[in-house]
Amino acid sequence: MSIAEAMPIRVAGLRKSFGHTVALDGLDLEVRSGEVHGFLGPNGSGKSTTIRVLLGLLRADGGTVELLGGDPWREGAALHRRLAYVPGDVALWPELTGGEVIDLLGRLRGGLDSRRRAELVERFELDPTKKGRSYSKGNRQKVALVAALAADVELLLLDEPTAGLDPLMEQLFREVIADERGGGRTVLLSSHILSEVEALCDRVSIIRQGVTVETGTLAELRHLTRTTVTAEVIEPPVGLDSLIGVHDLDVQDLVQDLGTHGTRVHCHVDAPHLGEVLRCLTEAGISSLTSRPPTLEDLFLRHYATPAADERAADPYES
Amino acid sequence: MIRDLEGTGTLIRLALRRDRVLLPAWISVLVLAVMSTARATVDLYPTIASRLEAAKAVNDSPSLVAMFGRIYDPTSLGALAMVKWVAFGGAAAAVLAGMITVRHSRAEEEAGRLEILGATIVGRRAPLTAALVVAGITSVALGALCALGLMTTGLPTAGSVAIGSEWAGIGLAFAAIAAVSAQLARSSRNATGLTIAVLGLSYVVRAVGDSTEGLRWLTWASPFGWMHHVQAFAGNHWPVLFLLAGFALGVSAAAFALGARRDLGAGLLPDRPGPARAVRHLCSPLGLAWRLERGALLAWTCAFVLLGLVVGGVAGNVGSFLNTSSSRDMIRRLGGEKGLVDAYLAAELGVVGVVIAAYGVHAALRLRAEEISGRADEMLATGVGRMRWAGSQLFMAVAGTTALALTAGFAAGIARAVQTGRALDALDIVGGAVVQLPAIWVVVGIVAAAFGIGARFAVAGWVALVLFLLLGEFGPLFRLPRRIIDLSPFAHVPKLPGSAFAATPIVTLLGAAVVLTAAGLTAFRARDIG
């Protein structure tokens with residue numbers, strides 16, 4: 001397998017400014033063939049700009065962009081036959097019906113799988129005979145989704161595709177994307193719905209202010225972050241406060257009814273240092289232990305809460 | 001009832017805040033143009049005799065009467081000075097008032113902003129009331145400022161107030177018509193289109209009535225006719241203003257009644273379900289462009305059949321109307337040299353050419369609408385390249401203008417040939433219409449070039465077209481240098497039928513159109529979308 005086949009999207013050091021506003025400031029993104037890649041970031045962080053550069057709608061100011069082995073700016077139209085795109089805010093032609101739009105976009109891409117189209121229209125409960133102007137936001141989204149999913153393409157670029165969908169339809173969307181992964185298609189899914197990304201994505205890139213701040217599988221990202229540890233130990237632990245990688249340490253003596261003494265320890269531990277912490281706790285005699293892996297939400301919030309918090313958090317493994 | 005109006009004041013302030021640049025700009029341009037025309041004309045006709053002669057020349061020429069209306073008092077300097085502006089100013093006031101009404105009613109509703117407001121303490125009738133009040137304020141301000149401006153040029157006070165009131169009145173009438181359109185149509189584009197269609201119709205009804213002996217009563221069947229019947233500077237028939245005001249009130253009431261019968265966001269003209277699958281020929285950029293344009297093109301084609309029939313049909317009367325040497329001179333100067341009828345036809349086809357160019361701008365501006373709405377993104381993210389996408393839209397503008405020129409030419413030609421019994425006359429007239437096309441395509445090219453720089457600049461096409469129209473109509477009056485007037489592509493169109501056909505200007509205009517379009521497409525290929 002060549003590099004281009006193994007990696008349909010390769011972006012390195014991508015820069016893009018609009019006037020004085022810097023939208024992308026050296027962004028990196030690599031999407032592997034056959035994976036569902038989550039593209040996470042808050043509003044205005046540059047997700048849509050990145051996707052529009054990938055589509056050749058915007059010209060990059062700097063960096064390299066490779067899409068399906070080609071340059072999207074120069075070979076856009078040819079590459080577009082092999083992908084489908086769903087924008088975050090779908091605009092339809094007011095005078096065309098949803099069904100017509102699905103066929104129009106589908107045929108202008110690689111072509112349309114009629115059976116799949118019929119199946120998707122039914123599953124999404126879409127009325128294809130209504131005019132574009134009479135669809136609600138969610139239904140406009142469905143039209144674009146059906147058009148993209150029924151197209152005979154190898155790559156899907158989805159920009160917050162579930163923004164207008166109700167929970168039932170969102171669930172359905174997850175099922176359909178899971179099918180897609182089974183079918184070997186590559187999906188770039190931009191989103192800020194964490195549960196969605198957690199449920200669907202093999203790998204995740206988190207961006208902030210136009211820069212990629214984290215990338216990897218969810219397991220890897222979790223490894224890179226802190227685990228919450230709560231333990232009850234018999235003796236007060238010795239040397240825990242001097243270990244590197246331990247944060248927000250809270251040690252309390254426990255006074256119980258029968259007069260039994262014990263100590264409750266609560267802290268956040270950087271994953272690489274978990275072993276040393278456990279050793280220290282074991283020496284103190286563990287009577288109970290809970291550890292909770294970070295959720296994607298923790299990851300996300302850690303990067304976006306406040307710049308200061310972010311720097312403190314990033315400190316241990318960047319120094 | 002009062003509860004229904006709650007929040008109207010807030011909405012009015014919001015609308016005035018949003019339009020604080022647009023309204024003063026539009027009004028001051030109009031006031032300045034009207035004032036400078038008046039100043040220039042005062043010097044031009046110092047004696048009663050010179051006015052009599054000029055007024056007779058206008059009144060004896062059906063094409064001028066059709067375009068501008070008649071001069072009711074040939075001795076009045078004001079009536080002579082304002083002969084073109086009564087109609088122009090009226091049309092400008094009507095377009096402005098209609099546009100404002102739609103902009104603050106249907107357009108807001110379409111964008112979903114009314115829903116946000118509707119959930120606050122805004123009464124059900126408040127948005128439409130606010131839109132009408134803002135359009136009314138604008139119309140009255142426009143009329144009052146024009147009246148004041150005209151007084152400073154030395155024209156009689158009563159006449160100045162009368163003509164200002166005419167414009168305020170026609171503005172109010174079309175604000176009301178736009179309010180009804182905004183209830184009937186679901187999109188602001190269609191509501192504006194409907195308003196403009198009514199405007200065009202009432203203009204044509206007045207034109208036919210004024211220029212056709214025996215059909216004079218038609219001028220009383222059109223708001224534009226009423227406006228002319230006020231006869232500013234020529235008797236000032238004030239009671240006629242009540243007709244305009246009453247019409248505005250009645251039609252506004254109808255708009256409110258219609259509004260009460262529909263839901264927010266809905267129109268009274270229902271949306272019928274359409275096909276669930278697309279026909280194969282829709283599925284290309286050109287197929288899509290055709291599909292989006294065909295409705296508008298059909299409506300324009302019908303209008304041009306009518307216009308062509310009127311132009312061709314009236315031609316036969318020209319000779320009998322023209323029985324003074326001055327009017328003969330005037331019409332000859334307007335057009336070619338061969339025959340009076342030819343000169344009349346050439347002049348009218350020149351006007352038709354400008355109107356077709358307006359369609360060309362409208363059609364080419366779809367590029368802008370597609371890009372700004374984000375639909376261009378969706379198309380350009382498929383296998384369609386930028387050149388093919390933009391080229392298809394521009395091709396529709398070129399093909400559409402060609403179709404309209406042929407339609408108008410054949411309609412006028414056939415109407416004329418029926419009178420003369422000579423089929424060849426029809427072909428001459430078709431030639432006179434077709435020869436306008438290179439100039440029209442230059443205007444389309446200007447839209448393409450501006451679009452190449454950025455979607456929001458594409459409206460430069462309208463600015464250019466209005467500028468060319470003003471250069472053609474008022475350039476000679478202001479004694480502008482020839483090279484300024486020649487900036488308009490329409491100044492170079494051979495005056496057919498009548499004059500000799502000249503290939504050089506045609507080739508030059510075609511070249512300019514091609515260069516502008518190519519430059520626009522090249523720039524478009526190199527820029528960001530959106």
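**Exercise 1. Is the crossing in which H17(B) passes H22(B) left-handed or right-handed?**

Solution. Start with the ground rules. This is a predicted model, in which local features need pLDDT of at least 70, side-chain atom pairs count only at pLDDT 80 or more, and totals for chains, interfaces and linings use all residues. Residues are numbered from 1 along each chain as its sequence is written, while chains are lettered from A and ligands numbered from 1 in the order in which they are written.

Step 1. Find the helices. Helices (H or I, at least four residues) and strands (E, at least two) are DSSP runs, numbered from the N terminus. H17 of chain B covers residues 340-364. H22 of chain B covers residues 437-453.

Step 2. Take the axes. They are lines fitted to C-alpha atoms, for helices over the stretch in contact, with angles running from 0 to 180 degrees between N-to-C directions. The axes of H17(B) and H22(B) come within 9 Å and cross at roughly 25 degrees.

Step 3. Classify the angle. Under 35 degrees counts as roughly parallel, over 145 as roughly antiparallel, 65 to 115 as roughly perpendicular, and the rest as oblique. H17(B) and H22(B) are therefore roughly parallel to each other.

Step 4. Read the hand. A crossing is left-handed if the near helix is turned anticlockwise from the far one by less than a right angle, and right-handed if clockwise. H17(B) passes H22(B) in a right-handed crossing.

Step 5. List the contact. Two residues are in contact if their C-beta atoms, placed from the backbone, lie within 7 Å. H17(B) supplies B:Gly353, B:Ile356, B:Ala357, B:Gly360, B:Val361 and B:Ala364. From H22(B) come B:Ala439, B:Ile440, B:Val443, B:Val444, B:Val447 and B:Ala448.

Step 6. Sort the contact. Ala, Val, Leu, Ile, Met, Phe, Trp, Tyr, Cys and Pro count as nonpolar, Asp, Glu, Lys and Arg as charged, and the others, Gly among them, as polar. The contact of H17(B) with H22(B) has ten nonpolar, two polar and no charged residues.

**Exercise 2. Describe how H22(B) packs on H25(B).**

Solution. Step 1. H25 of chain B spans residues 503-525. Its axis and that of H22(B) come within 7 Å and cross at roughly 20 degrees.

Step 1. That angle makes H22(B) roughly parallel to H25(B). H22(B) passes H25(B) in a left-handed crossing.

Step 2. The contact of H22(B) with H25(B) holds 20 nonpolar, five polar and no charged residues.

**Exercise 3. How many residues of chain B are in contact with chain A?**

Solution. Step 1. Count both sides. 27 residues of chain B are in contact with 30 residues of chain A.

Step 1. Name the elements. H14 (285-315) and H19 (375-380) of chain B are those that give two or more residues to the side touching chain A. H19(B) gives the largest share, four residues.

Step 2. Sort that side of chain B. It divides into twelve nonpolar, eight polar and seven charged residues.

**Exercise 4. Is A:Glu125 buried or exposed?**

Solution. Step 1. A residue is buried if 20 or more other C-beta atoms lie within 10 Å of its own, exposed if 12 or fewer, and partly exposed in between, with C-beta atoms placed from the backbone.

Step 1. A:Glu125 is exposed, with 11 other C-beta atoms within 10 Å. It is found in the loop between H5 (114-123) and H6 (137-149) of chain A. Phi of A:Glu125 is near 50 degrees, a positive value in a residue other than glycine.

Step 2. B:Phe233 lies in the loop between H12 (223-229) and H13 (239-259) of chain B. With 25 C-beta neighbours inside 10 Å, B:Phe233 counts as buried.
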